[in-house]
Amino acid sequence: MKRDGHTHTEFCPHGSGEEVELFILKAIELGFTDYSITEHTPLPKGFKDQASGEEDAIITAGMNAGDVDYYLKKMHQLKKKYAKEINIHVGFEVDYITGFEDYTTDFLNEYGKLIDDSILSLHFLQGAGGYRVIDYSPEDYQNGMIHHYGTFQKAQEKYFQTLLQLVDADLGIYKPKRVGHITLCQKFQTFYKDEETHLSAESIVLIDNLLEKVKKNGYELDFNTAGMFKPYCGEPYPPLQIMKKVKEREIPFIYGSDSHHVTDVGRGYQAFKTL
Ligand code: ZN
Ligand code: FE
C-alpha cells in the first residue's frame, strides 16, 4: 500500500486551480494505491465578521459553502471512474475553530455518510482583532499572533493548547480520526531573526500531553511533508524530534503531501519511508 492521505483540488481557493483528475493521474503514475481527497471545509456563516488580519487570508481559507454538494458528487464520480487503478477516499480537511463546534458538528452530521476519510486541522486561533488564520504569511502571523501573544513561543504554546481542545472536542460521530499537521505554527520559523522559534520546553510538555490524548482516543496523525518545501520552515509537520515520540508511543501516522498543485503529489514521500 502506498497512500497519500492529504490532498486538495480545484475547489480550494488558495490552490492552483488545476483539475483534481490531473492530481489523481499523477498519483497513479507515482504508484500510489490509495489517495485521500481532503478539501478544506467551508467557513462557518458569520465567521468573517469575527476574523481579522489579511482579508484574502480569510476568504480563501476554505471552499465555497455552495460548492459542497457538487464537490462530493464530482469526487465520488472520479472514485468510481478510477476504481481499477487507485483507491480514492473522499473527504475533507475539517477546520477546528474554537467556539464553532456546533457548526462543525452539524456539517459533519450532514455530510458524514459521504465521507470516507478526513482530517481535523487547526488553522485559526484567536489573535489580534479576533480569529486569525496562522499560515498565510510571515507578516500576517507576526501582526496577528506574535505581537498579540508577546513572543513567537507564546503563540506557539497557544497552538498546542488549542490542539488539546481539538482532540477533546465533541464533534459527533463523524469527527475525523486524524489530526492535521500538528506543528503548523512553525511554518515561518526561520523568518523571525530576533525571536526564539524552536519548540519551547512548555510546548514540548504540551506536545507530550497531546500525543497521550491522541493515543488514548485512538486517533492518528498526518505526517505532512508540505513544511519541508516552505521557505521558512524546512521540516515536515511534525519534525523528526516529535516523530520519535510518535513512534515510541506507536501512534499511527499517515503520509500527507498536502498537495495544492499537481507537482506536489508525492512530495517528500522518501522522508516518510525512512521514518
Ligand atoms: Zn490548503
Ligand atoms: Fe491544513
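**Group meeting: metals, salt bridges and spaces**

Hi everyone, let me begin with a count: there are 15 salt bridges here, taking a salt bridge as a side-chain nitrogen of Lys or Arg within 4 Å of a carboxyl oxygen of Asp or Glu. Before I go on, please keep in mind that this is a predicted model, in which local features need pLDDT of at least 70 and side-chain atom pairs count only at pLDDT 80 or more, while totals for chains, interfaces and linings use all residues. Residues are numbered from 1 along each chain as its sequence is written, chains are lettered from A and ligands numbered from 1 in the order in which they are written, and side-chain values use heavy atoms, with hydrogens and water left out.

Let's look at some of those salt bridges. Asp117 and Arg3 meet through their side chains, at 3.4 Å from N to O. Asp117 sits in strand β4 (residues 117–121) and Arg3 in strand β1 (residues 3–4), so this pair ties together parts that are 114 residues apart in sequence. Asp117 counts as buried, at 11% relative accessibility; buried means under 20% relative accessible area, exposed over 50%, and partly exposed in between, with a 1.4 Å probe and protein chains only. Arg3 and Asp117 also belong to a salt-bridge network, together with Arg178 and Glu220.

Next, Lys74 and Glu10 form a salt bridge at 2.6 Å, N to O. Lys74 is in helix α3 (residues 68–81) and Glu10 in the loop between β1 and α1 (20–29), so to speak distant parts of the chain, 64 residues apart. Both Lys74 and Glu10 are buried. Then there is Arg249 with Glu212, where the closest N and O atoms are 3.0 Å apart. Since Arg249 lies in the loop between α8 (240–248) and β9, and Glu212 in helix α7 (residues 201–217), the pair ties together parts that are 37 residues apart in sequence. Glu212 is partly exposed, at 44% relative accessibility.

Now for the metals. Which residues hold the zinc ion (ligand 1)? They are His14, His40 and His260, each through NE2, at 1.9 to 2.1 Å. A donor is an N, O or S atom within 2.8 Å of the metal (3.2 Å for Na, K and Ca), and water is not among the atoms, so sites may look incomplete. Along the chain, the zinc donors follow the spacing H-x25-H-x219-H. His40 is in strand β2 (residues 34–40), and His260 is in the loop between β9 (253–256) and α9 (269–273), so the two tie together parts that are 220 residues apart in sequence. His40 is buried at 4% relative accessibility, and His260 is buried too, at 13%.

The iron ion (ligand 2) has Glu93 (OE), His123 (NE2) and His181 (NE2) as its protein donors, lying 2.1 to 2.2 Å from it. Their spacing in sequence is E-x29-H-x57-H. His123, in the loop between β4 and β5 (124–127), and His181, in the loop between β7 (178–179) and α7, link distant parts of the chain, 58 residues apart. His123 and His181 are both buried. And how far apart are the iron ion and the zinc ion? The answer is 5.2 Å.

Finally, the spaces. The search uses a 1 Å grid over the protein atoms alone: a cavity is a set of points where a 1.4 Å probe fits but cannot get out, a pocket is an open set with protein on both sides within 12 Å along at least five of seven lines, and lining residues have an atom within 4 Å of a point. Grid points are joined across faces, edges and corners, and a volume is the space filled by probe spheres set on the points.

The largest pocket has a volume of about 470 Å³. It is lined by 23 residues, and two of the zinc donors turn up again here: His14 and His260 are among those nearest its centre, along with Asp135, Lys187 and Lys230. The second largest pocket has a volume of about 200 Å³; of its 14 lining residues, Leu43, Pro44, Lys48, Ile59 and Met63 are the closest to its centre.

Notes: Helix = DSSP H or I, 4+ residues; strand = E, 2+ residues; numbered from the N terminus.
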